[in-house]
Amino acid sequence: DAALTLNQTTNTWSQTFTGTTTTGFSYTADSLTSGTGLALSSAATAFTGSLQSLTLSGSNAANTGSVLSLTNSGTANTGTTLLIQHNATGTNNLAMQVNDVAGDTTPFVIDGVGSVGIGDSTPDNPFEITSTSQQIRLSYTDGSVDGLIYVDTNEYLTLAGGTTSEINRIQIGAGGAGNATP
């Protein structure tokens, strides 16, 4: 099910797996009590790629599996399932970025100091949401009853019940506080 190619000149190996319903690669480290089961590292000083890349490029509705699944199934375990150790301090150095579409200009990010940006790749505060529509929607049960929190172009903070077309809302801004229609 797998053809392995070793190139000792370039110190590389590749393997093409052709199985359809089995595991392509399995590594078991049951005797490991400390250390690392599998490590990838680089001391490169001009690295621009990805040290590890997992890609599902087949475009088909039948692709319903996860690209990455992490499981910590020991009920008495006290370890961390996902730990991102980010010690880099360079400008625009992000600890995590999630692009939800190709060419995403408004990602979800966690920057080097721990600030979270949603719709903002350079958050200026510990938590920043940037959007031209409602920034926060709080829903009760199935989402049919909800409240909205947003800032408009006039820098008014609006707390609204239900949809934005309802009059029953609270607005905080230039007109004071109370029931208002912006």
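Which residues line the second largest pocket? In this predicted model, they are Trp13, Gln15, Phe17, Gly24, Phe25, Leu38 and Leu40. Quick housekeeping: residues are numbered from 1 along each chain as its sequence is written, and side-chain values use heavy atoms, without hydrogens or water. Since the model is predicted, local features need pLDDT of at least 70 and side-chain atom pairs pLDDT 80 or more, while totals for chains, interfaces and linings use all residues.

A pocket here, on a 1 Å grid over the protein atoms alone, is an open set of points where a 1.4 Å probe fits, with protein on both sides within 12 Å along at least five of seven lines; a lining residue has an atom within 4 Å of a point. Volume is the space filled by probe spheres set on the points, joined across faces, edges and corners.

That second pocket holds about 430 Å³. Its lining counts five nonpolar, two polar and no charged residues, with Gly counted as polar.

Now the largest pocket: about 1100 Å³, with 15 lining residues. Gln52, Leu68, Leu82, Leu83 and Ile84 lie nearest its centre. By class, that lining is six nonpolar, nine polar and no charged.

On to the sheet. Four strands make an open, mixed sheet, ordered β3-β4-β5-β6. Strands are DSSP runs of E, at least two residues, numbered from the N terminus, and two of them pair if DSSP finds at least two bridges. β3 (94–98) and β6 (127–129) are the edges, each with a single partner, so one side of each has no neighbour in the sheet. β3 pairs antiparallel with β4 (residues 108–111) over four bridges, and Met96 has Ile110 in β4 as its bridge partner.
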